[in-house]
Structure formats: structure tokens, C-alpha cells
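Dear colleague,

I am handing over the structure we spoke about, so that you can look at it yourself before reading on. My notes on what was found follow directly below it.

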Amino acid sequence: MENNYSENFKVIDNYLMVRMPEEVDHHKSGYISRTADDYIMKEGVGNVVFDFEDTRFMDSSGIGIIIGRYKKISYFGGKVFAINTDTRIKRTLMICGLHKVIEIME
Amino acid sequence: MELGQKIENGMEGRTGIRNEMQMSFDAISENEAFARLAVSAFVMPLNPTVEEISDIKTAVSEAVTNAIIHGYDEEYRQENDRETKKVQLHCRIEKDMLYIQVKDTGKGIEDIAKAMEPLFTTRPELERSGMGFAFMEAFMDRLEVVSEPGCGTVVLMEKRLRMAEEADEL
């Protein structure tokens, strides 16, 4: 099952693109974080883009994934983006004040 | 004709609806999705909005995740056998009110006020955002946490389904 996710990680130039699953919860967060970190370390990408196009549900575990990656790459001046966020995902990110540290694009 | 009559009665019966369900499941992360889907299916007769369903699913997911990773953490799991690691979910609908109770019999919370502070987490190594209780508070109308170290934790949540109420007034 975990192998199916690997196609959801792509490196384009200096950006790691992460296609988030339909449901982002604690059950899935560990794998997403670990895989993203592998790419960040091995490929040396500077920025991370989380794509929420397929995502219909996200709890605070998703916030943990984003904050964790942000801490890692912002240290070297990298940026984190959240794209294709529907109003629900956007609201969840904003409750946590994430719009102050990452770029959110609908 | 008969079916139409039944549907109509069903619709009318919504104002006086009362329903209750209880379930107990293993404290494993696969069941987080199961729990929130079960609750969303349970509240369907109240005709909730997409927004309300999202709120409820998020709150249930937070409470169940807490039970799994904090109530029954590794330390607890090493000391106790599998039989005891269950999460109990109890839901009740009364008119337009939804009551949810999520219970574990794990290690309990020593300082509830501290645990409920936004961004506070006892397990930073898991990259928990520390927003679990804050989300439950934000998405539900009422949240109450009862806990006793060594005995477990009960999370009680309430939500009034406003759209259902408005629809009934029409």
C-alpha cells in the first residue's frame, strides 16, 4: 500500500511536490513525513509543495506534517506551499496560523 | 404510494428523532477513518450540511487519534496485553443535538488544562501539532475532558446541527 504513494512524490527543479491523499490523518501522516524527509535529504530539495487537490479530509495530523517539514527546510531558507486548498483545508490551516509561515494558494 | 407515504413519515419523524449507538474497536490507526465514517453515517438522518459533517469527522478523528497514540502509548502497550487496548465510541442523537463520547482505559492525562493548550504536545517526536483539543473545541459546540492517571480518559463532545433545525422550521 505504501508503494502506491511513491508516485505522489515528485521533484521538479528545487521543489518537492507532494500529492496529499484523499484523507490526511494520523494513520497516513507518518509515511508522508518520512518519505518527504527522504526526498529532502537525498535529493537536497529546498522547497516543498503540498498539493491538496485530492484531499477531502484533514485533521491536525496534516498540520503536524506541514510544520515538521517547514522546520526542516526553513532552516536553510526553503519555503513551504499548500496548493489547491479548498475552503475547508484553508480554514484548518488558518486556525493554526500556518498562513503566517507558508504560502497558501487555492 | 405506500413508499412515498413511508418517506414522508420518515421526514416528519426527524424532529422527534432519538438514536444511540455504541461501539468498541482496537486502538490501531486504521480505525481512525472507520470511527469518523461510522459517526458521519450515524448523523445522516439529521440531514447535516457538508460543513457540519466535516466538523464532526475532524473532531472524532482527533479524539480517537488521541486515545490511540496518547492513551495507549508505547510504554502502556509494553506493559499491557492487547485485550485491554480498545477505544469506545458512544454517540447519541436527541432532536437536533449530537453527543459523542470517546473513551479509552489507557494511561490518562495528568494535567488536563495543560494538555488542552493549543500547540502543547507530550510527544513532539511524533510531530503532533498539539492542536487536537483545539480542533475539537473549534469544530464542536462543547468539549469536556475527564481523565484520571492510570485509569483512562473520556472526551465528551456536543454539537447542535443548526441546518437540520432550520430545515424543520420550513
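Across all chains of this predicted model, a search of the whole structure finds six aromatic pairs.

One of the pairs is formed by A:Phe9 and A:Tyr39, whose rings are stacked, with 5.7 Å from centre to centre and 5° between the planes. This pair links distant parts of the chain, since A:Phe9 belongs to strand S1 (residues 9-12) of chain A while A:Tyr39 sits in helix H2 (residues 26-42) of chain A, 30 residues apart. A:Phe9 has a relative accessible area of 6%, which is under the 20% limit, and therefore counts as buried.

In chain B, the rings of B:Tyr72 and B:Tyr76 have their centres 5.3 Å apart, and their planes stand at 55°, so this pair is tilted. Both B:Tyr72 and B:Tyr76 are buried.

As for chain B as a whole, it contains seven helices and five strands, and its elements, taken from the N terminus on, follow the order α-β-α-α-α-β-β-α-α-β-β-α. Of the 170 residues in chain B, 47% are buried. If one takes the contacts in chain B between residues at least 6 apart in sequence, 66% of them join residues at least 24 apart.

The two chains also meet through helices: helix H4 (residues 87-95) of chain A packs against helix H6 (residues 132-139) of chain B at an angle of about 125°, and their axes are 11 Å apart. On the side of H4(A), the residues involved are A:Arg88, A:Arg91, A:Thr92 and A:Ile95, which meet B:Phe135, B:Ala138 and B:Phe139 in H6(B). The residues of this contact divide into four nonpolar, one polar and two charged.

With kind regards

Conventions
Residues numbered from 1 in each chain as written. Chains lettered and ligands numbered in written order. Predicted model: local features only at pLDDT ≥ 70, side-chain atom pairs only at ≥ 80, totals over all residues. Heavy atoms only, no water. Axes fitted to C-alpha atoms, helices over the stretch in contact; angles between N-to-C directions. Helix = DSSP H or I, 4+ residues; strand = E, 2+ residues; numbered from the N terminus. Contact = heavy atoms within 4.5 Å. Nonpolar A, V, L, I, M, F, W, Y, C, P; charged D, E, K, R; others polar. Phe/Tyr/Trp six-rings, centres within 6.5 Å; stacked < 30°, edge-to-face > 60°. Buried < 20%, exposed > 50% of the residue type's maximum accessible area, 1.4 Å probe, protein only.
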